[in-house]
Amino acid sequence: MKFKVNEIFHSIQGEGTRAGRPCAFVRLTGCPLRCGYCDTEYAFYDGQFMELGEILGTVQTMLGEPRKGPGAPFAELTGGEPLAIPGAPDLLRGLLGLGYEVALETAGSHDLATVPREVIKIVDRKTPGSGEGDRWLETNLDHMVPGQDELKFVLVDEADYAWSKAWCAEREVWDRFEVLFSPVHGKLDPAWLAEAIVKDRLPVRFQMQLHKMIWGAEQTGV
Ligand code: SF4
């Protein structure tokens with residue numbers, strides 16, 4: 001089985017509750033969405049075909065022996081939109097089979113029912129400001145694992161904040177999942193967002209993309 005791979009790299013996880021942990025990233029090529037703020041347009045088309053075994057071998061070389069516990073070696077499948085690629089669930093199963101902790105970064109636009117339960121799903125609920133808010137599959141909430149999976153909102157402006165707050169409250173998603181609110185780099189003032197979360201007593205986690213703070217917004221492969 002072959003996959004078009006944009007890049008495989010070993011870096012620091014920049015987002016989510018595992019931010020700061022070393023992580024091997026497999027970025028697949030291709031995405032049917034076109035979010036206005038997309039920072040991985042280079043992954044829409046460019047890449048090279050690799051066999052499943054070759055991908056797993058590259059990750060294994062980066063991460064070494066699997067271990068359990070909070071410092072367990074960690075791999076993430078990302079894109080583009082990985083679930084738009086046929087065979088992505090097989091790749092996730094392959095990564096799990098190596099014994100690593102495995103996460104998937106997805107836009108929630110494709111059916112999560114195909115994803116193994118043990119995979120930590122970081123699901124980006126696209127907001128109206130992204131321009132792709134209508135791509136959301138509401139049934140995906142039923143396939144997310146409470147206490148394990150994460151719901152992420154990338155906010156373009158204050159209207160996105162109000163919309164996301166109402167969406168979460170209507171479904172009480174914060175009772176089941178870790179909910180992450182982050183500002184679009186260079187668009188929404190991080191201080192405004194942090195203060196709004198505190199003022200509104202929202203049970204969400206503020207986050208900023210660590211890798212952009214370390215290496216800058218334009219750097220790829222980090
Ligand atoms: S889903 Fe991700 S990769 Fe695709 S356009 Fe949106 S931000 Fe870019």
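Strand β2 (22–28) is mostly covered, with 6 of its 7 residues buried. A residue is buried if 20 or more other C-beta atoms lie within 10 Å of its own, exposed if 12 or fewer, and partly exposed in between, with C-beta atoms placed from the backbone. Helices (H or I, at least four residues) and strands (E, at least two) are DSSP runs, numbered from the N terminus. This is a predicted model, in which local features need pLDDT of at least 70, side-chain atom pairs count only at pLDDT 80 or more, and totals for chains, interfaces and linings use all residues. Residues are numbered from 1 along each chain as its sequence is written.

**The sheet**

- An open sheet is formed by 9 strands in the order β3-β1-β2-β4-β5-β6-β7-β8-β9, and its pairing is mixed. At the edges stand β3 (48–51) and β9, each of which pairs on one side only.
- Two strands pair if DSSP finds at least two bridges between them. Strands of a sheet pair through backbone hydrogen bonds, either parallel or antiparallel.
- Strand β1 (residues 2–12) is joined to β3 by 4 bridges, and the two run antiparallel. In this pairing, Val5 stands opposite Gln48 of β3.
- Strand β2 pairs with β1 over 7 bridges in the antiparallel sense. Here Ile8 faces Val26 of β2 as its opposite residue.
- Arg27 has Thr78 of β4 as its bridge partner.

**Helices and the sheet**

- Helix α4 lies across β7, β8 and β9 and runs at about 145 degrees to β8. Axes are lines fitted to C-alpha atoms, for helices over the stretch in contact, and angles run from 0 to 180 degrees between N-to-C directions.
- In helix α2, the residues Ala88, Leu91, Leu92 and Leu95 are buried. They lie on the same side of α2, because they cover an arc of only 100 degrees around the axis; the arc is that of the directions from the helix axis to the C-beta atoms.
- The buried residues of α2 pack against β1, β2, α1 (52–63), β4 and β5 (101–106). Contact between two residues means that their C-beta atoms, placed from the backbone, lie within 7 Å.
- Just after α2, Gly99 takes a positive phi of about 95 degrees.
- Thr61 belongs to helix α1. Thr61 counts as exposed because it has 11 C-beta neighbours inside 10 Å. The C-alpha atoms of Thr61 and Ala24 are separated by 9.9 Å, and the two residues are 37 apart along the chain.

**Leu180 in strand β8**

- Leu180 is placed in strand β8 (residues 178–183). Leu180 counts as buried because it has 21 C-beta neighbours inside 10 Å.
- Leaving aside residues up to four places away in sequence, Leu180 touches Gly16, Glu150, Lys152, Phe153, Val204, Arg205 and Gln207.
- One of these residues, Lys152, is 28 residues from Leu180 in sequence and 4.6 Å from it in space, C-alpha to C-alpha.

**Around the ligand**

- The residues around the ligand are Cys31, Leu33, Arg34, Cys35, Cys38, Thr40, Gly79, Gly80, Glu81 and Ala107. A residue is near a molecule or strand if its C-beta atom, placed from the backbone, lies within 6 Å of it.
- This shell divides into 5 nonpolar, 3 polar and 2 charged residues. Ala, Val, Leu, Ile, Met, Phe, Trp, Tyr, Cys and Pro count as nonpolar, Asp, Glu, Lys and Arg as charged, and the others, Gly among them, as polar.
- Two residues of the shell, Gly79 and Gly80, are linked by a cis peptide bond, with omega near 15 degrees. Gly80 lies in the loop between β4 (74–78) and α2 (88–97).

**Backbone exceptions in loops**

- Most residues other than glycine have a negative phi, and most peptide bonds are trans.
- Glu172 has a positive phi of about 50 degrees although it is not a glycine. Glu172 sits in the loop between α3 (158–171) and β8. Glu172 is exposed because it has 9 other C-beta atoms within 10 Å.
- Arg201, a residue other than glycine, has a positive phi near 50 degrees. Arg201 is found in the loop between α4 (190–199) and β9 (205–206). With 6 C-beta neighbours inside 10 Å, Arg201 counts as exposed.
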